[in-house]
Amino acid sequence: MMISTKGRYALRFLVDVAEHQGDGYVPLKDVAARQDISEKYLEIVVKELVKGGLLDALRGKGGGYRLCRPPEALGIKSVIELMEGSLAPVACLEHAREVCPRRGDCRTLPLWQGLDKVISQYLEQYTLADLLRETD
């Protein structure tokens, strides 16, 4: 599993907005400058974050973006899944998939299920607030 730039930039954008939204809505161009990310690419990322219900948007003078909920209530796993889709390490563990015909005989399935569980549990333990507290 590799997290794309879209997933990584989404987290960076959310952290930046959380840090600066005390002044009201945070303009995309300000985040792009601070994070050294293309405004055009950030527009694509932010559109998905708004559509996914993580950000509010306000157009016009004084406009920009702000979080829809407090950083403590915004789980990192949900952000990554929104941007990346399934985090399952193999296709047969994706939720929308039909049951694999080899499931009953697959000697590797426990390995993939364990990896899936580890990834899920690791990401579930973090919120946006945790990333705001990180200093290293």
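A residue is called buried under 20% relative accessible area, exposed over 50% and partly exposed in between, with a 1.4 Å probe and protein chains only. By this scale Cys-68 is partly exposed, with a relative accessible area of 35%, and Cys-92 is likewise partly exposed, at 29%. A disulfide is a pair of cysteine sulfur atoms within 2.5 Å; a search of the whole structure finds 0 of them.

The structure is a predicted model, in which local features need pLDDT of at least 70 and side-chain atom pairs count only at pLDDT 80 or more, while totals for chains, interfaces and linings use all residues. Residues are numbered from 1 along each chain as its sequence is written, and side-chain values use heavy atoms, with hydrogens and water left out.

The overall architecture may be taken next. Helices (H or I, at least four residues) and strands (E, at least two) are DSSP runs, numbered from the N terminus. The protein chain contains 6 helices and 2 strands, and along the sequence these elements follow the pattern α-α-α-β-β-α-α-α. Taken along the principal axes, the C-alpha atoms fill a box of roughly 60 × 30 × 25 Å. Of the 136 residues, 33% count as buried. Contact means heavy atoms within 4.5 Å; among contacts between residues at least 6 apart in sequence, 62% join residues at least 24 apart.

The protein chain exposes about 8800 Å², of which carbon and sulfur atoms supply 51%; accessible areas come from the Shrake-Rupley method with a 1.4 Å probe, and for residues only the protein chains shown count as cover. There are 19 positive and 20 negative side chains, and the centres of the two sets lie 5 Å apart. In this count Lys and Arg are positive and Asp and Glu negative, whereas His and the chain ends are not counted. The place of a charge is taken as NZ of Lys, CZ of Arg, CG of Asp or CD of Glu.

Within helix H1 (residues 5-20) lies Phe-13, which is buried at 0% relative accessibility. Leaving aside neighbours within four places in sequence, Phe-13 is in contact with Leu-28, Val-31, Leu-42, Val-46, Leu-49, Leu-55 and Tyr-65. Phe-13 and Gln-35 are 22 residues apart along the chain, and their C-alpha atoms are separated by 7.8 Å.

Gln-35 belongs to helix H2 (residues 28-35) and is buried, with a relative accessible area of 18%. Beyond neighbours within four places in sequence, Gln-35 is in contact with Arg-12 and Asp-16. With Asp-16, the side chain of Gln-35 makes a side-chain polar contact at 3.0 Å. A polar contact is a pair of N or O atoms within 3.5 Å; within protein, one must be able to donate a hydrogen and the other to accept it, and residues adjacent in sequence count only if both atoms are side-chain atoms.

Asp-36 is found in the loop between H2 and helix H3 (39-51), and is exposed, with a relative accessible area of 72%. Its phi is near 55 degrees, a positive value in a residue other than glycine. Most residues other than glycine have a negative phi.

The C-alpha atoms of Gln-121 and Leu-11, 110 residues apart along the chain, are separated by 18 Å.
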